[in-house]
Amino acid sequence: LEIIGERWTLLIVRDAFYGVRRFADFIDHLQIPRAVLASRLKALTAAGVLARVAGERHVEYELTDKGAALWPVVLSLMSWGDDFYAPSGPRRLYRHAADDGQVDRAGRCDACGMPVPPADIIAGPGPGLEATPDDDSWVTAALTRPHRLLEPLRPADAPAVA
């Protein structure tokens, strides 16, 4: 908890699972103050949860193996939120890329019964994912489409979206 327990930190980690990698994209999606994000990214990098990866024109952050090991914690917290704060149902549904089985809250595929690592999960919108009328974030829009966890939401050489 000393590493991931500060305000905003788990949201940054969650977004990293969803493929958010650029500083500006974390700000765009989370509406986090720049100084706070810089501090959290520095701490997560120092702890080995995230790694800085050089792109052609920018730096990106991606989860390390240590960071990816947080998936059961993040999944459990999201499931808790769905249970108590999403009356319409889960905000996102998770499917096993190999057989399209649903991934349960314990991280197992209901079709094959195997535990599914994050890189083999496709996240898609669930019935509880509600559009926010004042949110014109491209990241938010990208997260409403099915996509594989841990894969960047945009190509490494793509320019920032205004």
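Which residue forms a salt bridge with arginine 105, and how far apart are the closest N and O atoms? I started the notebook with that one. The model is predicted.

**Entry 1: arginine 105**

I looked up the partner and found aspartate 83, with the closest N and O atoms 2.8 Å apart. I then placed both ends. Arginine 105 sits in the loop between β3 (92-96) and β4 (121-125), and aspartate 83 sits in helix α5, so the pair ties together parts that are 22 residues apart in sequence. Next I checked accessibility. Arginine 105 has a relative accessible area of 48% and is partly exposed. Aspartate 83 comes out at 46% relative accessibility and also counts as partly exposed.

**Entry 2: salt bridges overall**

I searched the whole structure and noted 10 salt bridges.

Arginine 21 pairs with glutamate 62, and their closest N and O atoms are 3.1 Å apart. Arginine 21 belongs to the loop between α1 and α2 (23-30), while glutamate 62 belongs to strand β2 (residues 59-63); the pair therefore ties together parts that are 41 residues apart in sequence. I read 15% relative accessibility for arginine 21, which counts as buried. For glutamate 62 I read 28%, which counts as partly exposed.

Arginine 22 has a salt bridge to glutamate 60, at 3.6 Å from N to O. Here again a residue of strand β2, glutamate 60, meets one of the loop between α1 and α2, arginine 22, so the pair ties together parts that are 38 residues apart in sequence. Are these two buried or exposed? I noted both glutamate 60 and arginine 22 as buried.

I also asked how the residues connect. Arg21, Arg22, Glu60 and Glu62 are linked in a network of salt bridges.

**Entry 3: α1 against α5**

I went back to helix α5, this time for its packing. At what angle do the axes of α1 and α5 cross? Helix α1 (residues 9-17) and helix α5 (residues 71-85) have axes that cross at roughly 105 degrees and come within 11 Å. Angles of 65 to 115 degrees count as roughly perpendicular, so I logged α1 and α5 as roughly perpendicular to each other.

I listed the contact residues next. From α1 they are Leu10, Val13, Arg14 and Phe17; from α5 they are Trp71, Val74, Leu77 and Met78. I sorted the residues of this contact by type: seven are nonpolar, none is polar and one is charged.

Definitions and conventions: Residues are numbered from 1 along each chain as its sequence is written. This is a predicted model: local features need pLDDT of at least 70, side-chain atom pairs count only at pLDDT 80 or more; totals for chains, interfaces and linings use all residues. Side-chain values use heavy atoms; hydrogens and water are left out. Axes are lines fitted to C-alpha atoms, for helices over the stretch in contact, and angles run from 0 to 180 degrees between N-to-C directions. Helices (H or I, at least four residues) and strands (E, at least two) are DSSP runs, numbered from the N terminus. Angles under 35 degrees count as roughly parallel, over 145 as roughly antiparallel, 65 to 115 as roughly perpendicular and the rest as oblique. Contact means heavy atoms within 4.5 Å. Ala, Val, Leu, Ile, Met, Phe, Trp, Tyr, Cys and Pro count as nonpolar, Asp, Glu, Lys and Arg as charged, and the others, Gly among them, as polar. A salt bridge is a side-chain nitrogen of Lys or Arg within 4 Å of a carboxyl oxygen of Asp or Glu. Buried means under 20% relative accessible area, exposed over 50%, partly exposed in between (1.4 Å probe, protein chains only).
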